[in-house]
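My notes follow in the order in which I made them.

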Amino acid sequence: MPTARRASVLRLDPPPASSSAAFSSFPASPRATPRPVDALDRHFALEVPRVFSEAERAALVAGVRAARAEWTADFGGEQFSLGRAFYTHLEEGRSRVYFADAAASDARVERHLPGLQRRMRALVAALTGGLVQPRRSFCGPGVHIFPAGEKVAREGGVAHFDTEGLSDYHLARRLRAITVVVMLELPDADGGLKLWDVLYDGRDDPGGEALSARSLVACYSPGGALVIDSYRLHQIQPFPGDRDRISATVHAAEIDSGRWETWF
């Protein structure tokens, strides 16, 4: 489980080439080098500042709030999403609902947050230097809302790996997979992401040894992203105050050399 990576976050500044506001095209070649994502072999996480400008970030937050009636409630209202998230539906035994509603989920996200899914996929392309496509039958990138005062705000999230959406084939071969989170609205304080020097070894529930490994808390910037290896143990930290924590997320897996699929 423990690794030899540096307990550090590498800041990509300036951001990788197509992660600027334009996001006009994906890289032409799946072999583009260097690949920023390869730095995850040496660091706990990558930080990408200014994925969205302040004006874009504020408009996205307004769009999320205006869509309140179309949020999906997860875990009894402990958290919400705009667009359906695979891991919440899997854990709640609602996978059929997730897949049956995938097209409608993407339509809701696009209606309220035009261009968000395209921008998130383009960021994955910029980070990987690969060809990126939506994962068939899965929901595209979406937004998590963790309400102020609710369980995650009070206690923090569950320490976990982002391996729920990976196939047995992918897991057995330890093919590359990443999670990209763009912070749209920070809480009043804290709410960062704790990262451990621990990678997935086939056990979904980390034990005490894993939780006592060296760690750090990575902080977000408004409109900026954190990128982690999906196999890395991590946990959302508690946050005080009256402001919700709102973030856009995309998961990505390299299904062949230079070819990536994305989902939420």
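I began with Arg 176, which is buried at a relative accessible area of 15%. I note that the model is a predicted one.

I then looked for the partner of this arginine. Arg 176 forms a salt bridge with Asp 38, and the closest N and O atoms are 3.3 Å apart. I placed both residues in the chain: Arg 176 belongs to the loop between α7 (168–173) and β7 (177–185), while Asp 38 belongs to the loop between β1 (6–11) and β2 (43–48). The pair therefore ties together parts that are 138 residues apart in sequence.

I next examined Asp 38 itself, which is partly exposed, with a relative accessible area of 26%. Its side chain also meets that of Arg 35 in a salt bridge, at 2.8 Å from N to O. Arg 35 is buried, at 19%; I recorded that the limit for this class is under 20%.

I turned to another pair, Asp 74 and Arg 94, whose side chains meet in a salt bridge of 2.9 Å, N to O. This pair links distant parts of the chain, 20 residues apart: Asp 74 is in strand β3 (residues 72–74), and Arg 94 is in the loop between α2 (86–91) and α3 (95–100). Asp 74 is buried, with a relative accessible area of 0%, whereas Arg 94 is partly exposed at 23%.

Finally, I searched the whole structure and recorded 19 salt bridges.

Terms used. Residues are numbered from 1 along each chain as its sequence is written. This is a predicted model: local features need pLDDT of at least 70, side-chain atom pairs count only at pLDDT 80 or more; totals for chains, interfaces and linings use all residues. Side-chain values use heavy atoms; hydrogens and water are left out. A salt bridge is a side-chain nitrogen of Lys or Arg within 4 Å of a carboxyl oxygen of Asp or Glu. Buried means under 20% relative accessible area, exposed over 50%, partly exposed in between (1.4 Å probe, protein chains only). Helices (H or I, at least four residues) and strands (E, at least two) are DSSP runs, numbered from the N terminus.
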